[in-house]
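Here are my notes on the model, as numbered points. Please read them with the structure open.

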Amino acid sequence: MLLGNLLTLISIIVLSYFWYLDALRSNFIFTPIKLFILVTFLYLILPSIIIPNFFPVSLFWSYNSELIEKNHAVILIFIIFFLLPYRLFSRFKFPEINFNFNNNAFLLSIFFLLISIIVKAYMINQGMFFIEDENMIELNSLPRFVRLFNNLHLWGLMIFTISYFKNRFVNKFSSSVIINYLFYFYFIFTLSIPLLQGRRFGVLFPIITVLVIYLYYNHVKFSKLLKYGTYLSLIFLTITIFRQAQIFSIANTYTFNLSTIFASIQFLDIDFLIESSLSRIFNVYVNLNRVIEFSFDNTYTPFYNPFRLAFTGLIPSFLWSDKPNLSIGNSLGKELGLLHSSNDLIGINVGWIGEGFYHSGIFGVVLAALLFSSSIVILVKIFNNRYDSGKVVLLMYVIFLISGYQMELAFSFNSFFKGSIFLIFILYILSKLPNIIFKS
């Protein structure tokens, strides 16, 4: 236990040192390094303090305390090799591709919104709207365009938010009434979908998207950022309450009736809710512990290569008819003994570190860290966030960190890399077209 806590302390010192170095170059709170440090503290450092010392046993996770030193050593190695490329690449110059949007970006984001509304309507009609149904295997039988465009409105909100606040704070003119109402509708729509589904991080995405761009143009002190963090934590706990009430209601009434969901809240215990909230955040840490335990207890040959899968995923599907599925959570969950062999409905995501360790031990962890860090730092240096194109990459990076940290390595890599390039390409073309003018 003592060595494990010492390794955690070293990780905190390393993160603090890189925060200090980054702060010397920029006082902007949402630089790539600071974002990585904040999210890493949330997903890895916080659970490495809380679980071994305060919650070794919980209804929501199992933890092998005998592996604490190995667990924390792997985390320290991942942190060091993720941060190293930022120092190495800082000495190199990359060709920059920078441009600003014109008002055509509003039209693209509205188009994305309309496509998402159509897809959501289709899913509701198919009975696949709520999160319990979205975990079912029948989701794979939905048309490809549904799975591809299901969350297109998230991209649209990013574009709309960048353009909206730039007009407000940089161009110093008020948007038209229509644009103002569209912004509020867009935000509420993007917030309400995951709220009704009980997806906690889904609710945070639109809030964080707006908050990051707002704070980009309105620099705030770290103390004020802590206040915003407190608000986000309360929102997260509130959605957890709704989510657990939803599950309780479904288990007892087999319906999605909102009145029964709200009535179920009175049966929820506060300790139960707190541990449920923590389990969602601590998932990466706990699953890494399970992977390490499996690796030391078994002799096995990995059934897939996450790094090869990450790069084959970049090949468009229309060029490869039998392209491998990037989602391996179900097969990996069965391999690790976390899912029953007959369970084909859900998957277990062990995160980038867990997949790297599963495939090739410490070398895999180092490779995962270098893969993601190098890709991010190159994109960030090519697309400067002083321009709108760079702000798109910044927001994609935020979503990538918050959601991708917990997801499959190949899937999260492809979502970030291909998503960023696709959006930049479309927006660059639109920026060359004649600008449209919105009358006040």
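1. Start with a helix pair. The axes of helix α3 (residues 68-89) and helix α13 (residues 283-297) come within 10 Å and cross at roughly 115°. That angle makes α3 roughly perpendicular to α13. Axes here are lines fitted to C-alpha atoms, for helices over the stretch in contact, with angles from 0 to 180 degrees between N-to-C directions. Angles under 35 degrees count as roughly parallel, over 145 as roughly antiparallel, 65 to 115 as roughly perpendicular, and the rest as oblique. From α3 the contact takes K70, N71, H72, V74 and I75, and from α13 it takes Y285, L288, N289, I292 and F296. Contact means heavy atoms within 4.5 Å. These residues divide into six nonpolar, three polar and one charged. The classes are Ala, Val, Leu, Ile, Met, Phe, Trp, Tyr, Cys and Pro as nonpolar, Asp, Glu, Lys and Arg as charged, and the others, Gly among them, as polar. α3 passes α13 in a right-handed crossing. A crossing is right-handed if the near helix is turned clockwise from the far one by less than a right angle, and left-handed if anticlockwise.

2. Basis of the model. This is a predicted model, in which local features need pLDDT of at least 70 and side-chain atom pairs count only at pLDDT 80 or more, while totals for chains, interfaces and linings use all residues. Residues are numbered from 1 along each chain as its sequence is written, and side-chain values use heavy atoms, with hydrogens and water left out.

3. Overall make-up. The chain has 18 helices and zero strands. Both are DSSP runs numbered from the N terminus: helices are H or I with at least four residues, strands E with at least two. Of the 440 residues in the chain, 51% are buried. Buried means under 20% relative accessible area, exposed over 50%, and partly exposed in between, with a 1.4 Å probe and protein chains only. Take the contacts between residues at least 6 apart in sequence: 78% of them join residues at least 24 apart.

4. The core. The largest nonpolar core has 116 residues. Helix α16 (residues 351-382) gives the most to this core, with 13 residues. Such a core is a set of buried Ala, Val, Leu, Ile, Met, Phe, Trp, Tyr and Cys residues joined through side-chain atoms within 4.5 Å. F36, F78, F82, W352, Y397 and Y405 have the most contacts inside it. F36 touches L15, F78, F82, L83, Y397, L401 and Y405, leaving aside neighbours within four places in sequence.

5. How does α3 lie against α16? The two are roughly parallel to each other. Their axes come within 9 Å and cross at roughly 25°. The crossing is right-handed. The residues of this contact divide into 20 nonpolar, two polar and one charged.

6. Helix α7 (residues 152-169) and helix α18 (residues 409-431) make an oblique pair. Their axes come within 12 Å and cross at roughly 50°. The crossing is right-handed. W155, M158 and I159 of α7 meet G419, F422, L423 and L427 of α18. The contact residues divide into six nonpolar, one polar and no charged.

7. N414 also belongs to α18. Is N414 buried or exposed? N414 is buried, at 3% relative accessible area. Leaving aside neighbours within four places in sequence, N414 is in contact with L309, A310, G313, L314, L326 and G419. N414 and F311 are 103 residues apart in sequence, yet 8.0 Å apart C-alpha to C-alpha.

8. Two serines deserve a look. S389 sits in helix α17 (residues 388-404). S389 is buried, with a relative accessible area of 0%. Beyond neighbours within four places in sequence, S389 contacts I97, N98, F99, F101, F383 and I424. S341 is in the loop between α15 (329-335) and α16. S341 is exposed, with a relative accessible area of 58%. The C-alpha atoms of S341 and N330 are separated by 9.5 Å, and the two residues are 11 apart along the chain.

9. A loop phenylalanine to check. F28 lies between α1 (2-25) and α2 (32-53). F28 counts as buried, at 6% relative accessibility. F28 and N218 are 190 residues apart along the chain, with C-alpha atoms separated by 9.9 Å.
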